[in-house]
Amino acid sequence: MGTEKCKEMMDRMLSGEHSEELTEHLRECPECRELAELDRQLSGMPEHLAVPEELDRAVLAYAAAKKRPAVRILDFPFILRHAVIPIAAAVMVCFGLVFAFRSPVNPPRQPMARSQSVQYDLDMVDSEVLLLSSRIQNTSAQLSSTAVLNVIDE
């Protein structure tokens with residue numbers, strides 16, 4: 001049934017047409033003749049075929065046996081998968097957040113030894129830098145006025 005003519009003839013036959021040309025083609029083409037025979041056999045079958053009752057019962061029994069039970073047995077893998085692992089993961093996340101965002105605790109102040117460095121508060125450091133800056137400006141002004149007076153005296 002590789003040719004276009006065979007396809008056209010089979011369409012005619014399936015639509016119910018019976019012509020001289022179609023009969024001639026069925027005599028010559030074994031593939032179309034085989035399909036026409038199959039069509040006759042299928043059209044002669046009853047429209048509704050009944051399923052044997054034994055087969056119906058066997059299929060329903062198989063489906064009932066394969067159906068999951070309605071009550072879930074709480075076995076160890078089920079509890080581990082659905083309870084313990086998620087709770088452990090949540091606890092680990094909480095501990096991680098606590099340790100990641102906790103503020104550092106200042107150690108108690110002890111008398112400072114000479115080898116230890118001094119730690120300053122940032123506000124204290126800023127005020128000391130400002131004070132030193134003003135002293136440097138004052139000293140610079142005094143030095144420049146002294147230098148000018150020395151130049152004038154000479």
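Start with what covers the buried residues of α1: the cover includes α2 and α3. Keep in mind that this is a predicted model.

Which residues of α1 are buried? They are C6, M9, M10 and M13. Now look down the helix axis. The buried residues of α1 fall within an arc of 100 degrees, so they line one face of the helix. Turn to the face pointing away from that buried side. There you find the exposed residues E4 and D11. After α1 comes G16. The phi of G16 is positive, near 100 degrees.

Now widen the view to the core. The largest nonpolar core has 9 residues in all. The largest share comes from α1, with 4 residues. As a general point, nonpolar side chains in soluble globular proteins tend to be buried together.

On to the cysteines. How many disulfides does a search of the whole structure find? The count is 0. Take C32 as the case to look at. The nearest cysteine sulfur to C32 belongs to C29, and it is 3.6 Å away. A disulfide needs the two sulfurs within 2.5 Å. C32 is in no disulfide. C32 has 0% relative accessibility, so it counts as buried. Now C94. This cysteine is partly exposed, with a relative accessible area of 48%.

Next, charges. Side chains of opposite charge can pair when their charged atoms come close. How many salt bridges are there here? The count comes to 2.

Here is one of them. E24 pairs with R27, and the closest N and O atoms are 3.3 Å apart. Both residues sit in helix α2, 3 residues apart, about one turn of the helix. For E24, the relative accessible area is 35%, so this residue is partly exposed. For R27, the value is 54%, so this residue is exposed.

R57 forms a salt bridge with E53. Their closest N and O atoms are 2.8 Å apart. This pair lies in helix α4, residues 53-66. The spacing is 4 residues, again about one turn of the helix. Are these two residues buried or exposed? R57 is exposed, and so is E53.

Last, the rings. A search of the whole structure turns up 1 aromatic pair. The partners are F95 and F99, with ring centres 6.4 Å apart. Why is the pair called stacked? The ring planes sit at 20 degrees, so the pair is stacked; the cut-off is under 30 degrees. F95 and F99 both lie in helix α5, residues 76-101. They are 4 residues apart, about one turn of the helix. F95 is exposed, and F99 is exposed too.

To recap. α1 gives the core its largest share. The search for disulfides finds 0. The salt bridges number 2. The aromatic pair is F95 with F99, and it is stacked. Over to you for questions.

Terms used. Residues are numbered from 1 along each chain as its sequence is written. This is a predicted model: local features need pLDDT of at least 70, side-chain atom pairs count only at pLDDT 80 or more; totals for chains, interfaces and linings use all residues. Side-chain values use heavy atoms; hydrogens and water are left out. Rings of Phe, Tyr and Trp (its six-membered ring) pair if their centres lie within 6.5 Å; planes under 30 degrees apart count as stacked, over 60 as edge-to-face and the rest as tilted. Helices (H or I, at least four residues) and strands (E, at least two) are DSSP runs, numbered from the N terminus. Buried means under 20% relative accessible area, exposed over 50%, partly exposed in between (1.4 Å probe, protein chains only). A nonpolar core is a set of buried Ala, Val, Leu, Ile, Met, Phe, Trp, Tyr and Cys residues joined through side-chain atoms within 4.5 Å. The arc is that of the directions from the helix axis to the C-beta atoms. Contact means heavy atoms within 4.5 Å. A salt bridge is a side-chain nitrogen of Lys or Arg within 4 Å of a carboxyl oxygen of Asp or Glu.
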